[in-house]
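Please read it alongside the sequence and the model.

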Amino acid sequence: MATPQELAALAAATKKKRTFRKFTFRGVDLDQLLDMSYEQLMTLVHARARRKFSRGLKRRPLALIKKLRKAKKEAPPMEKPAVVKTHLRNMIVVPEMIGSVVGIHNGKTFNQVEMKPEMVGHYLGEFAITYKPVKHGRPGIGATHSSRFIPLK
């Protein structure tokens, strides 16, 4: 019969260590994704994004990427970079943006969003909702025909 110390050691050895799922974007892992050029990335994204990249990145999206690079470079090691505010809701998230913090304008305020690998290929506007979701309560006056007969005090 094994001693309790041996049983504990055996249980620790057989207990599977928690493994995290490695991120891939359409079959390409994150390290390769970060090394890709825009032309290579174009082949992986959806048709609308491909068209946008093929027509060239304009001045404003390029300025945003430049500001994100600068904020990342100036950030102390192992800390989040400064927030870069933008109105460019139609900007497509590229791998270069991963790890940055972007303030996306929703029409009223800037929502701070940390860029994660899962966001690659999506638009910035998808991460900042522009409306306040409806919270349904009791119906108001005039909502139904029967509310006509309720006295208004």
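Helices (H or I, at least four residues) and strands (E, at least two) are DSSP runs, numbered from the N terminus. The model is predicted: local features need pLDDT of at least 70, side-chain atom pairs count only at pLDDT 80 or more, and totals for chains, interfaces and linings use all residues. Residues are numbered from 1 along each chain as its sequence is written, and side-chain values use heavy atoms, with hydrogens and water left out.

**Positive phi**

- Most residues other than glycine have a negative phi.
- M78, not a glycine, has a positive phi of about 65°, and sits in the loop between α5 and β3 (83-86).
- With a relative accessible area of 54%, R26 is exposed.

**Nonpolar core**

- A nonpolar core is a set of buried (under 20% relative accessible area) Ala, Val, Leu, Ile, Met, Phe, Trp, Tyr and Cys residues joined through side-chain atoms within 4.5 Å.
- The largest one has 29 residues, and L33, L64, M97, M115 and L124 have the most contacts inside it.
- At least two residues of this core come from each of α4, α5 and β4 (101-105).
- The most are given by α5, with 4 residues.

**Positive patch**

- R48, R51, R55 and K58 form a positive surface patch (residues with over 30% relative accessible area and no salt bridge, like charges joined within 9 Å).
- R55 lies in the loop between α4 (47-54) and α5 (59-74), and counts as exposed because its relative accessibility is 55%.

Notes
Patches are made of residues with over 30% relative accessible area and no salt bridge: like charges are joined within 9 Å, nonpolar side chains (Val, Leu, Ile, Met, Phe, Trp, Tyr) within 5 Å. Accessible areas come from the Shrake-Rupley method with a 1.4 Å probe; for residues, only the protein chains shown count as cover. A salt bridge is a side-chain nitrogen of Lys or Arg within 4 Å of a carboxyl oxygen of Asp or Glu. Lys and Arg count as positive and Asp and Glu as negative; His and the chain ends are not counted. The place of a charge is taken as NZ of Lys, CZ of Arg, CG of Asp or CD of Glu. Buried means under 20% relative accessible area, exposed over 50%, partly exposed in between (1.4 Å probe, protein chains only).
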